[in-house]
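Here's a quick briefing to read alongside the model. Have the sequence and the 3D view open as you go.

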Amino acid sequence: MKKRQLDEAQAKCASSATLTAWQTINWVSCEKEVRKLQVRIVEALKANRIGRVKALQRILINSISAKALAVRQVTSNKGGSTAGVDKETWLTDVERYNAISSLKTRGYKPKPLRRDFIPKKNGKMRPIGIPTIQDRAMQ
């Protein structure tokens with residue numbers, strides 16, 4: 001059952017026909033699917049159905065649509081080209097598309113933050129922690 005659902009989700013949101021399928025992703029469909037799951041989570045929470053909330057959260061976290069949107073969000077923002085301690089960035093379409101399948105919750109352990117210092121107005125330096133791009137997408 002799960003295999004069929006995964007195939008259907010990929011057909012709706014992320015076409016797996018080519019390696020550079022990043023450009024063929026139907027973002028409207030992905031956003032609708034994620035929004036629908038989020039609404040169902042809120043309704044279950046209002047109905048005080050905690051078990052259902054956990055089940056829906058698990059479905060959302062493991063959905064291809066949510067992973068695709070997470071990768072798009074992380075790579076399109078201002079810090080998307082900033083590497084963490086692993087020196088990895090997802091700048092090309094192939095890297096972004098491959099990153100969708102690399103986001104797995106099983107066995108996930110976040111890497112340490114890269115520590116940099118940025119200047120403040122008064123001339124002093126302020127420490128900043130930069131997570132890896134995979135850690136940003138997982139959040």
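**A surface lysine, a helix pair and a core**

Lysine 87 is exposed, since its relative accessible area of 66% is over the 50% cut-off. Bear in mind that this is a predicted model.

**Around lysine 87**
- You'll find lysine 87 in the loop between H4 and H5.
- Lysine 87 and threonine 132 sit 45 residues apart in sequence, yet their C-alpha atoms are 7.9 Å apart in space.

**How H4 and H5 pack**
- The axes of H4 and H5 are 9 Å apart, and the two helices pack at an angle of about 135°.
- That angle makes H4 oblique to H5.
- The crossing of H4 past H5 is right-handed.
- On the H4 side, the residues that meet H5 are Ile64, Lys67, Ala68, Val71 and Thr75, and their partners in H5 are Arg96, Ala99 and Ile100.
- By type, the residues of this H4–H5 contact split into 5 nonpolar, 1 polar and 2 charged.

**The largest nonpolar core**
- The largest nonpolar core holds 25 residues, and Trp22, Ile25, Val71, Trp90 and Ile100 have the most contacts inside it.
- Helices H2 (27–46), H3 (50–62), H4 (64–76), H5 (93–102) and H6 (133–138) each give two or more residues to this core.
- Nonpolar side chains tend to be buried together in soluble globular proteins.

**Valine 71 up close**
- Setting aside neighbours within four places in sequence, valine 71 is in contact with Trp22, Trp90, Arg96, Ala99, Ile100 and Leu103.
- Val71 is also one of the H4 residues that meet H5.

Key:
Residues are numbered from 1 along each chain as its sequence is written. This is a predicted model: local features need pLDDT of at least 70, side-chain atom pairs count only at pLDDT 80 or more; totals for chains, interfaces and linings use all residues. Side-chain values use heavy atoms; hydrogens and water are left out. A nonpolar core is a set of buried Ala, Val, Leu, Ile, Met, Phe, Trp, Tyr and Cys residues joined through side-chain atoms within 4.5 Å. Buried means under 20% relative accessible area, exposed over 50%, partly exposed in between (1.4 Å probe, protein chains only). Helices (H or I, at least four residues) and strands (E, at least two) are DSSP runs, numbered from the N terminus. Contact means heavy atoms within 4.5 Å. Axes are lines fitted to C-alpha atoms, for helices over the stretch in contact, and angles run from 0 to 180 degrees between N-to-C directions. Angles under 35 degrees count as roughly parallel, over 145 as roughly antiparallel, 65 to 115 as roughly perpendicular and the rest as oblique. A crossing is left-handed if the near helix is turned anticlockwise from the far one by less than a right angle, and right-handed if clockwise. Ala, Val, Leu, Ile, Met, Phe, Trp, Tyr, Cys and Pro count as nonpolar, Asp, Glu, Lys and Arg as charged, and the others, Gly among them, as polar.
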